[in-house]
Amino acid sequence: MTATQGRPAAGDGTNGDLAAESPGAAESPGAGEGSGAAEGSAGRSDTVAGVVGQWRVVRPELDTGPMEIVGRVNRCAALLQQAESAPLRRAGLSRPEFDLLGALMRTGHELTPGELARETFSSGAAVTKRLKVLTERGLVERRGDTRDRRVSHLRLTDAGRDLVDAVMPEQLAYEGAVLSPLDDDRQNELADLLGELLSRLEGHLRTRQP
């Protein structure tokens with residue numbers, strides 16, 4: 001999901017796309033075929049609550065608290081990835097392609113493919129494949145490095161910049177509609193909690209890198 005500051009107003013009702021995709025979404029780790037099973041703790045009745053209830057029956061000695069959080073984060077991510085975004089669909093873009101265009105726009109300068117991979121948390125092979133599509137559409141252009149012919153620098157074309165300018169407000173409105181069941185205070189609370197968790201995870205991973 002696009003990182004935003006503040007909470008955009010709900011869009012044109014396109015959050016219905018998300019609900020329509022829910023039945024076929026991928027399960028989070030531990031979520032088996034009985035996803036509609038027993039209700040979890042605190043009266044929760046979502047998919048993960050059913051999974052937690054099943055584990056409590058077969059292994060009551062296990063602390064399933066982490067699954068209540070990690071399972072839900074994974075489930076939400078799976079649903080959001082599978083749900084088609086109407087603004088991007090109309091623009092003929094996949095979410096990963098739009099993320100590449102957005103990275104070139106928000107950084108304000110040329111990026112190498114490797115830098116784009118880091119900016120978008122993608123593999124080099126995936127970035128190469130997406131860049132091929134975007135350059136063929138005339139949205140991104142490539143410039144060779146004058147000192148190292150193996151290196152290329154990428155930037156948005158005028159058409160690419162115009163497309164991002166047009167799609168970004170619609171995309172934020174769409175994401176606001178997806179989050180609309182939560183009021184502003186709850187959204188801010190969720191953003192703070194997820195931000196704290198993400199910072200800790202990123203710091204932990206950095207310390208483990210050689």
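Biologist: How many residues does α7 have, and how far does α7 reach from its first C-alpha to its last?

Modeller: Good place to begin, and please keep in mind that this is a predicted model. Helix α7 has 13 residues and reaches 18 Å between its first and last C-alpha, close to the 18 Å expected at 1.5 Å a residue.

Biologist: Which residues of α7 are buried, and which are exposed on the other side?

Modeller: In α7 the buried residues are Ala 126, Val 127, Leu 131 and Leu 134. Looking down the axis of α7, these buried residues fall within an arc of 130 degrees, so they line one face of the helix. The other side of α7 carries the exposed residues Ala 125, Thr 128, Lys 129, Lys 132 and Glu 136.

Biologist: What do the buried residues of α7 pack against?

Modeller: Their partners are α5, α6, β1 (140–144) and β2. Let's take α5 as the worked case.

Biologist: Gladly. At what angle do α5 and α7 pack, and how far apart are their axes?

Modeller: Two packed helices are described by the angle between their axes and the distance between the axes. For α5 and α7 the angle is about 80 degrees and the axes are 10 Å apart. The pair is therefore roughly perpendicular. On the α5 side the contact is made by Pro 96, Glu 97, Leu 100 and Leu 101, and on the α7 side by Val 127, Arg 130, Leu 131, Val 133 and Leu 134.

Biologist: How many residues does the largest nonpolar core have, and which have the most contacts inside it?

Modeller: That core has 21 residues, and Leu 93, Leu 101, Leu 116 and Val 140 have the most contacts inside it. The elements giving two or more residues to this core are α5 (95–107), α6 (113–119), α7 (124–136), β2 (152–156) and α8 (158–179). The largest share, five residues, comes from α5.

Biologist: Which residues does Val 140 touch?

Modeller: Setting aside residues up to four places away in sequence, Val 140 touches Leu 101, Leu 104, Leu 131, Leu 134, Thr 135, Leu 154, Arg 155, Leu 156 and Thr 157.

Biologist: Let's turn to the loops. Where is Phe 121 found, and is Phe 121 buried or exposed?

Modeller: Phe 121 sits in the loop between α6 and α7. Its relative accessibility is 73%, so Phe 121 counts as exposed. Have a look at its backbone too: Phe 121 has a positive phi of about 55 degrees although it is not a glycine. After α7 comes Gly 138, whose phi is also positive, near 75 degrees.

Biologist: And His 153, is that residue buried or exposed?

Modeller: His 153 lies in strand β2. The cut-off for buried is under 20% relative accessible area, and His 153, at 15%, counts as buried. Not counting residues up to four places away in sequence, the contacts of His 153 include Glu 110, Leu 111 and Thr 112, together with Glu 141, Arg 142 and Arg 143.

Biologist: Which residues of α2 are buried?

Modeller: In α2 they are Val 48, Ala 49, Gly 50, Val 51, Val 52 and Gly 53, and what covers them includes α3.

Methods. Residues numbered from 1 in each chain as written. Predicted model: local features only at pLDDT ≥ 70, side-chain atom pairs only at ≥ 80, totals over all residues. Heavy atoms only, no water. Core = buried A, V, L, I, M, F, W, Y, C linked by side-chain atoms within 4.5 Å. Buried < 20%, exposed > 50% of the residue type's maximum accessible area, 1.4 Å probe, protein only. Helix = DSSP H or I, 4+ residues; strand = E, 2+ residues; numbered from the N terminus. Contact = heavy atoms within 4.5 Å. Axes fitted to C-alpha atoms, helices over the stretch in contact; angles between N-to-C directions. Parallel < 35°, antiparallel > 145°, perpendicular 65-115°, else oblique. Expected span 1.5 Å × (residues − 1). Arc of directions from axis to C-beta.
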